[in-house]
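Please take a moment to look over the sequence and the model before reading on. The paragraphs that follow go from a single side chain to a set of strands and then to the aromatic rings.

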Amino acid sequence: MSEITFEGTPEQAAALKSCIDKHRGKAGALMPVLHEAQNIYGYLPIEVQTVIAEGLNVSLAEVFGVATFYSQFSLSPKGKHNVSICLGTACYVKGSDKLLEAVESKLGIRCGECTPDRKFSIESCRCVGACGLAPVMIVDGEVYGKLTAKDVPGILEKYMKD
C-alpha cells in the first residue's frame with residue numbers, strides 16, 4: 001500500500017473550522033460537514049475526521065462509520081490523473097481484470113490507492129454503459145475500449161509526460 005502524508009493548508013483548516021462552526025449543534029450536522037470537508041481537501045484523511053469529531057463533539061468512530069458507509073466519501077486522495085477500470089459483467093468477461101492488473105503493475109499501486117507523487121490514482125467501477133467497447137478503461141473521463149493488458153502502458157505513458 002502506498003503511503004501518502006496528509007498536507008493540509010492553513011486556508012483549508014480555516015475553511016473546515018468555519019464549516020464546523022456553521023453546523024455545530026444542529027441535528028444531522030455530520031453529513032454536510034463531511035461533504036464540505038471532502039470539497040475542501042478532496043478526501044477525508046484521519047486528521048480531518050479527527051477535527052470534525054472534536055468540532056462536532058461526536059466520536060471519531062461515528063465520523064469514520066459515516067465516511068466509510070457512503071460511497072461518495074473517499075478516505076484516500078485522488079491523483080491528478082484518475083484511472084478507472086470497469087469491472088461490470090461485459091468488461092470482466094472480456095478481461096478487465098487483466099487491465100486492472102496491468103495498471104496496478106505499471107503504476108506500482110493497488111486499486112483504491114494514489115501514487116506517492118499524487119499523479120495517478122486507480123479505482124474500479126461497475127458498468128459505464130460502454131459494453132460494446134468492453135473491456136473499458138477511463139482516464140480523466142476519456143474512454144478507452146476494446147483493450148488488452150498490452151495496451152495499458154502506452155495509454156498511461158501519455159499521461160505520465162505532463
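Which backbone nitrogen does the side chain of Glu 113 reach? In this predicted model, the side chain of Glu 113 comes to 2.9 Å from the backbone nitrogen of Arg 110. Glu 113 has its place in the loop between α6 (96-107) and β2, and although this residue is buried, it has no salt bridge.

Strand β1, residues 81-86, is mostly covered, with five of its six residues buried. With strand β2, residues 120-125, β1 pairs in the parallel sense over six bridges, and within this pairing Cys 86 has Cys 125 as its bridge partner. With strand β3, residues 137-139, β1 pairs in the antiparallel sense over three bridges, and here Ser 84 stands opposite Ile 138. As a general point, the side chains of a regular strand alternate between the two faces of the sheet.

The aromatic rings come next: how many aromatic pairs does a search of the whole structure find? The search finds two. In one of them, the ring centres of Phe 6 and Tyr 41 are 5.6 Å apart and the planes stand at 50 degrees, so this pair is tilted. Because Phe 6 lies in the segment before α1 (10-23) while Tyr 41 belongs to helix α2 (residues 30-41), the pair ties together parts that are 35 residues apart in sequence. Phe 6, at 24% relative accessibility, counts as partly exposed, whereas Tyr 41, at 14%, counts as buried. The rings of Phe 69 and Tyr 70 also form a pair, with centres 4.9 Å apart and planes at 85 degrees, so this one is edge-to-face. Phe 69 counts as exposed at 63% relative accessibility, and Tyr 70 is partly exposed, with a relative accessible area of 34%.

Notes. Residues are numbered from 1 along each chain as its sequence is written. This is a predicted model: local features need pLDDT of at least 70, side-chain atom pairs count only at pLDDT 80 or more; totals for chains, interfaces and linings use all residues. Side-chain values use heavy atoms; hydrogens and water are left out. Buried means under 20% relative accessible area, exposed over 50%, partly exposed in between (1.4 Å probe, protein chains only). Helices (H or I, at least four residues) and strands (E, at least two) are DSSP runs, numbered from the N terminus. Two strands pair if DSSP finds at least two bridges between them. Rings of Phe, Tyr and Trp (its six-membered ring) pair if their centres lie within 6.5 Å; planes under 30 degrees apart count as stacked, over 60 as edge-to-face and the rest as tilted. Lys and Arg count as positive and Asp and Glu as negative; His and the chain ends are not counted. A salt bridge is a side-chain nitrogen of Lys or Arg within 4 Å of a carboxyl oxygen of Asp or Glu. A polar contact is a pair of N or O atoms within 3.5 Å; within protein, one must be able to donate a hydrogen and the other to accept it, and residues adjacent in sequence count only if both atoms are side-chain atoms.
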